[in-house]
Amino acid sequence: MNKKKDNKKLFEQLREKHSAFHFLSSDIEMNKDKICISNNFSMENGPSFTAQMSIEYTPLLDEKKLIRIPNLKQFAFHIGMVELISYWKTACPPDVFIHAGFLTPEQVLFWKKLYYNGLGEFFYLNNIDASENDFLHLHMRTKEGNQSKNDNYLLNSSAVLVPVGGGKDSIVSLELLQNSNFTVIPFALNPTPAIRASIKNAGISEENCIFFKRSLDKEMLDLNSQGYLNGHTPFSSLLAFSTLFASQWSGAKYIALSNEASANEATIPGTKINHQYSKSIEFENDFRNYLKNTLGLASNYFSFLRPLNELQIGALLSRFKQHHTDFRSCNVGSKQNKWCGNCPKCLFTWTILSPFIEKNSLIRIFGKDLSKDKNLLGILQQLSGEADEKPFECVGTMSEVQAAIQWINKHQSEEDNIFHSIQTKQSDTLKQFLNEWNPEHNLEDAFEHCLKSHLKKYSVHD
């Protein structure tokens with residue numbers, strides 16, 4: 001089960017001690033070989049923080065392209081608005097003062113909604129009862145300025161930026177779009193060995209990639225070690241604003257995420273609490289509206305895999321065997337570039353790949369046979385819906401897991417197989433999931449045609 005802490009009293013004490021949070025400044029420094037973005041914060045009766053991001057110049061991102069972007073500082077400011085929440089959450093001050101830029105009332109609503117829903121898991125696991133109206137108040141400390149419109153004609157309608165995380169989803173996007181008429185530009189924040197391997201195995205040179213490097217202030221880490229509040233934040237929203245900057249700088253019109261329909265399901269059934277909120281179609285639509293209506297930008301941000309479910313993505317991944325030994329969808333083992341074999345991400349990935357990749361191959365990928373590890377039974381119950389809540393991880397729906405378990409139980413007869421302990425209740429079969437198409441998406445016709453052309457034939461092993 002997900003571990004909950006009763007931090008309601010601590011929440012109230014910290015809000016009283018640290019009554020205000022300040023977003024002081026947002027700076028861009030253009031050096032000889034790179035640019036550096038610094039967003040600076042301070043907390044009443046607490047430390048100051050600096051969130052930093054650096055980007056080296058490349059043939060795709062040179063200084064000449066950078067300086068022709070009007071109102072360049074707005075990109076650093078918006079990245080800072082996302083970074084803010086990681087530092088704010090340590091004490092949750094009720095009042096947040098924005099000195100670094102200006103937000104209209106409509107923009108304030110966007111940010112408060114993102115913060116509140118993106119912190120749903122944080123509030124839930126810390127037992128904090130927070131309302132969207134009062135959990136924080138944003139106050140502007142600068143006058144409204146002119147927000148210049150960008151020269152959108154500079155965007156290349158044949159270029160697509162693809163964020164790569166080293167896991168199965170972005171590999172599928174990379175490979176399918178590589179076989180289309182688009183020029184694919186991989187993007188990564190703090191590229192890991194698995195990310196670099198995904199790019200290499202897709203046949204793309206790192207010279208044609210965009211890498212941003214992000215670092216957190218150690219003062220925040222020190223507060224965490226002192227017992228201040230900690231928990232999940234909407235990281236994918238940082239990815240959204242970072243890729244927006246990369247899109248405008250490189251000239252790539254399209255930003256193609258790899259979030260599937262399954263990301264829309266709540267982690268806690270019957271609530272809006274979703275570990276993957278900033279991967280959901282709700283956030284995607286809000287962000288697209290923000291770009292168009294408040295920033296006036298023509299970058300097209302969407303999820304290429306939104307029409308699909310996790311089982312379809314697993315089936316597609318099975319075709320790309322060159323990636324099977326190098327991809328990593330495990331957060332626990334990511335720093336060591338391995339599968340930990342003990343977490344919800346590992347077990348979920350094993351489960352949804354089982355119908356499409358032979359078991360011996362799965363054992364080689366994960367380093368052990370997860371289907372016989374009885375210590376994973378509790379996690380399997382969460383994934384399949386036998387527990388009250390899903391794991392707070394980026395995993396698929398309970399229905400998808402049950403369909404995979406049905407297939408496993410039919411085709412794998414080992415007595416010590418933990419999947420045999422799960423009694424599936426649904427009528428939807430694997431075949432039905434493989435024939436699904438979620439109509440709630442933002443794909444233009446060319447991307448929809450590209451995706452559908454690869455869904456015509458699946459291979460399910462016996």
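So, helix α15: M398, E400, V401, Q402, A403, A404, I405, W407 and I408 are its buried residues, where buried means under 20% relative accessible area, exposed means over 50%, and partly exposed is in between, using a 1.4 Å probe and protein chains only. When I say helix, I mean a DSSP run of H or I with at least four residues, while a strand is a run of E with at least two, and both are numbered from the N terminus. Quick word on where this comes from: it's a predicted model, so local features need pLDDT of at least 70, side-chain atom pairs count only at pLDDT 80 or more, and totals for chains, interfaces and linings use all residues. Residues are numbered from 1 along each chain as its sequence is written, and side-chain values use heavy atoms, with hydrogens and water left out.

Okay, back to α15. What do its buried residues pack against? They pack against α11 (310-317), α12 (344-353), α14 and α16 (430-434). Contact here means heavy atoms within 4.5 Å. The length checks out too: α15 has 14 residues, which should span 20 Å at 1.5 Å a residue, and its end C-alpha atoms are 20 Å apart. The expected span is 1.5 Å times one less than the number of residues.

Let's take one of those neighbours, α14. Helix α14 is residues 377-384 and α15 is residues 398-411, and they pack at an angle of about 120° with their axes 7 Å apart. The axes are lines fitted to C-alpha atoms, for helices over the stretch in contact, and the angles run from 0 to 180 degrees between N-to-C directions. Under 35 degrees counts as roughly parallel, over 145 as roughly antiparallel, 65 to 115 as roughly perpendicular, and the rest as oblique. So α14 and α15 are oblique to each other. From α14 the contact uses L380, Q382, L383 and S384, and from α15 it uses M398, V401, Q402 and I405. Sorted by class, this contact of α14 with α15 has five nonpolar, three polar and no charged residues. For those classes, Ala, Val, Leu, Ile, Met, Phe, Trp, Tyr, Cys and Pro are nonpolar, Asp, Glu, Lys and Arg are charged, and the others, Gly among them, are polar.

Now look at α12, and find T351 in it. T351 is buried, with a relative accessible area of 0%. Leaving aside neighbours within four places in sequence, T351 touches V401, A404, I405, I408 and F419.

α12 also packs with α11, at an angle of about 75° and with axes 9 Å apart. That makes α11 roughly perpendicular to α12. Here E310, L311, G314 and L317 of α11 meet F348, I352 and L353 of α12. The contact of α11 with α12 has five nonpolar, one polar and one charged residues.

What sits in the loop between α11 and α12? K321 is there, and K321 counts as exposed at 64% relative accessibility. K321 and I357 are 36 residues apart in sequence, but 9.7 Å apart in space, C-alpha to C-alpha. N337 is in that loop as well. Its phi is near 55°, a positive value in a residue other than glycine, and N337 is partly exposed at 28%.

Phi of N127 is near 55°, and N127 is partly exposed, with a relative accessible area of 34%.

On to cysteines. A disulfide is a covalent bond between the sulfur atoms of two cysteines. C343 counts as buried, at 6% relative accessibility.

Last stop, α3 and α9. Helix α3 (residues 73-88) and helix α9 (residues 235-250) pack at an angle of about 170°, with axes 9 Å apart. They are therefore roughly antiparallel to each other. F75, H78, I79, V82 and E83 of α3 make the contact with S237, L238, F241, S242, L244, F245 and Q248 of α9. Those residues divide into seven nonpolar, four polar and one charged.
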